[in-house]
Amino acid sequence: MDIQLSLSHLGYLPESPKILTLLPGDASGLPDAIPFYLRQNCLRMPRTVKGEDKPEAGFSARFPAPYDLLRGKLVPGEGTASLYRGELRKISSRWGEMWQADFSRFRTPGSYQIETDWQISPPFAIRDRVYDRIIAGYLTFLRAQRCGTAVFGVHDACHLDDGILDSDGSPLAAAGGWHDAGDFRKWLAFILYHVDALLTLRERLGEDLGRGGIAPDSLLDEVSWGNTYFHRMIDSSGQVYEDVAGGGTPAGSALTYENDWWFENHPGCYGDASDNRWTDNVPNSGDERRIRTTYNPLVQWAFVQVQARASRHLRSPQAEKCLQLARRAAAFGRQCGHDRRTLFLGAEVRGELELLAAGDTSLDLHAFISSAQELMQRQAKAIEGLSGYFTEAEARDGFRSIAFAADPALTLLRLWELRSMLPDAAVAEQAREAVFEYIENYLLVDASSNPFSLTPYGVYLNPPHRDRQLFRDAGNGRGVRTFIHPFNSQGIVHGTSSVLMSHAHLLARAASLLNQPAWRGPAERLLHWCLGHNTLNRSLFSGIGYRQPVGYSFRIPQIPEAMVVGFIGRPDDSPYLEESTAIEWNTLEYWSVPFLQAAQAACWLRG
Ligand SMILES: [Zn+2]
């Protein structure tokens with residue numbers, strides 16, 4: 001690997017934390033302190049060159065033969081002025097040796113690069129509203145993921161013939177919505193949350209979107225586009241269906257919905273890719289994709305949540321339709337109940353909250369407060385080690401989730417945000433304290449375990465295969481990892497961008513709502529990791545930054561403005577991202593979940 005000079009490729013707000021990391025690759029023998037120079041983008045500093053390579057030997061002084069622009073040592077004080085200088089210092093971390101510097105003090109807006117003897121950083125900006133680029137990318141990405149229509153430059157009209165019920169094969173018109181990832185599957189557990197993200201953007205961006213040339217109504221248009229699909233995925237009894245094209249059970253396997261559908265709070269774990277295909281777009285021709293009609297309490301309550309939210313934004317008669325369906329879904333969810341796992345409990349509380357906010361009066365307030373308190377009782381209260389993280393019921397295990405890592409805390413933050421609608425101020429105050437505990441005693445404490453301030457994947461009460469993979473000490477005999485444990489029962493090793501971006505969203509949102517400005521920096525550090533300030537100097541956004549890994553997308557190799565699932569961890573809990581073109585989904589698949597979280601983090605960081 002080349003020596004890399006790594007930072008946020010997009011750049012920084014003036015007040016952002018700004019960490020620079022030099023990654024030595026295989027080279028050794030670098031000095032413990034390495035000077036760096038921040039300068040105007042594009043205008044390189046002069047370097048010493050040997051006689052035969054003198055600049056005048058080439059066709060221009062700025063591009064001397066033989067075109068090796070990093071040859072020689074920098075000559076400070078000549079040519080381009082450095083606007084800021086500092087020193088990278090060698091550090092030893094659990095992820096190896098690297099050189100780091102903090103240039104947060106430099107706040108002058110502009111367009112820059114940082115130069116050292118060994119390497120030059122990617123160009124980056126310092127300016128207000130720099131993260132708006134993430135929001136713009138997200139909207140372009142989501143438009144490109146539309147299913148059931150042509151997307152200019154991306155794909156022709158697709159899947160107009162979705163789909164047939166898995167129960168009896170009868171047709172149900174369920175075209176529309178969005179592809180979730182680098183395939184054509186339409187999982188409600190994941191893509192429903194785009195509605196929440198779009199509405200959050202609408203609330204936070206105000207008129208800035210229109211001033212920037214994006215029609216403000218385009219957000220509501222996108223919500224309505226999703227609802228063309230979602231509103232077909234609920235039956236007359238109020239049950240919400242789970243997915244279209246998730247796929248069947250792999251041939252020859254003994255996997256069952258009851259035992260194997262969920263892993264680490266992630267649904268859909270064994271659905272094969274048999275419906276990840278183009279269809280002829282003609283209903284009843286025989287190649288229609290299957291609609292999974294199973295009851296999933298997460299999907300049920302996510303539906304309630306986002307449709308109740310949408311009813312407060314959309315115009316009549318769409319608004320009434322959303323609220324009516326949310327009420328119907330809630331009634332079904334209350335009647336069917338669930339197994340009280342932390343993920344379902346949080347989703348139910350969130351769904352009931354949004355119904356209440358939408359003016360629905362069917363809520364049993366006593367039961368609601370009891371559920372909220374049950375959720376808060378799941379928080380670890382440890383005297384030593386990590387504390388404040390969520391566990392499953394009866395402390396059977398830590399709560400861990402790739403897609404929904406921050407959901408319990410986001411639910412409690414939302415409860416505090418909507419506290420004026422509750423008769424009991426005490427429960428809102430408890431929720432505020434719970435969010436505080438989760439951030440201060442869990443996320444931020446464990447973030448100090450690594451040189452990029454990454455927040456943890458999760459805590460393990462009974463770490464599996466402890467002889468083969470590292471669990472760091474979380475206190476009380478418990479283990480913690482930054483990345484999912486690779487040796488696991490289902491062989492699923494999933495990248496962590498969604499975990500980090502959901503934490504970034506939580507930190508940014510809580511910083512604003514709970515008036516804790518110190519949490520903005522940690523949120524930004526997580527964004528910076530995905531924007532290139534990581535152990536490989538690679539941006540995980542296909543359309544933002546430079547040096548992207550090769551995305552994994554099964555039928556449409558390049559999806560515009562996508563975000564990859566990101567780094568996994570080696571057994572020793574150090575980061576790994578596939579850099580070759582031997583692409584595999586684990587680190588490289590495009591996925592909507594991290595992006596919808598990143599976009600929300602960005603909008604709360606606007607101030
Ligand atoms: Zn499609």
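User: So a salt bridge here is a side-chain nitrogen of Lys or Arg within 4 Å of a carboxyl oxygen of Asp or Glu. Which residue does Asp208 form a salt bridge with?

Analyst: Arg606, with the closest N and O atoms 3.0 Å apart. Bear in mind that this is a predicted model, where local features need pLDDT of at least 70 and side-chain atom pairs count only at pLDDT 80 or more, while totals for chains, interfaces and linings use all residues. Residues are numbered from 1 along each chain as its sequence is written, and side-chain values use heavy atoms, leaving out hydrogens and water.

User: Where do Asp208 and Arg606 sit in the chain?

Analyst: They link distant parts of it, 398 residues apart: Asp208 is in helix H4 (residues 208–211), and Arg606 is in the segment after helix H16 (592–604). Helices (H or I, at least four residues) and strands (E, at least two) are DSSP runs, numbered from the N terminus.

User: Is Arg606 buried or exposed?

Analyst: Buried, at 14% relative accessibility. The cut-offs are under 20% relative accessible area for buried and over 50% for exposed, with partly exposed in between (1.4 Å probe, protein chains only). Asp208 is partly exposed at 23%.

User: What about Arg290, what does its side chain meet?

Analyst: Asp275, in a salt bridge at 3.4 Å, N to O. Arg290 belongs to strand E12 (residues 290–292), and Asp275 lies 15 residues away in the loop between helix H6 (257–260) and E12. Arg290 is partly exposed at 36%, whereas Asp275 is buried at 3%.

User: How many salt bridges in the whole structure?

Analyst: A search finds 43. Some form a network linking Asp196, Glu203, Arg309, Arg350, Glu354, Arg414, Glu417 and Arg509.

User: Switching topic: what coordinates the zinc ion?

Analyst: Cys147 (SG), Cys158 (SG), His159 (ND1) and His179 (NE2), at 2.0 to 2.3 Å. Donors are N, O and S atoms within 2.8 Å of the metal (3.2 Å for Na, K and Ca), and water is not among the atoms, so sites may look incomplete.

User: Why is the arrangement called tetrahedral?

Analyst: Because the four donor atoms subtend angles of 98 to 120° around the zinc ion. Four donors count as tetrahedral if all angles lie between 85 and 135 degrees. The ideal for four tetrahedral donors is 109.5 degrees.

User: And how are the donor residues spaced in sequence?

Analyst: The pattern is C-x10-C-H-x19-H. Cys147 and Cys158, 11 residues apart, are both in the loop between helix H1 (132–144) and strand E9 (164–165). Cys147 and Cys158 are buried.

Methods. Four donors count as tetrahedral if all angles lie between 85 and 135 degrees; four count as square planar and six as octahedral if opposite donors are over 155 degrees apart and all others between 65 and 115; anything else is irregular.
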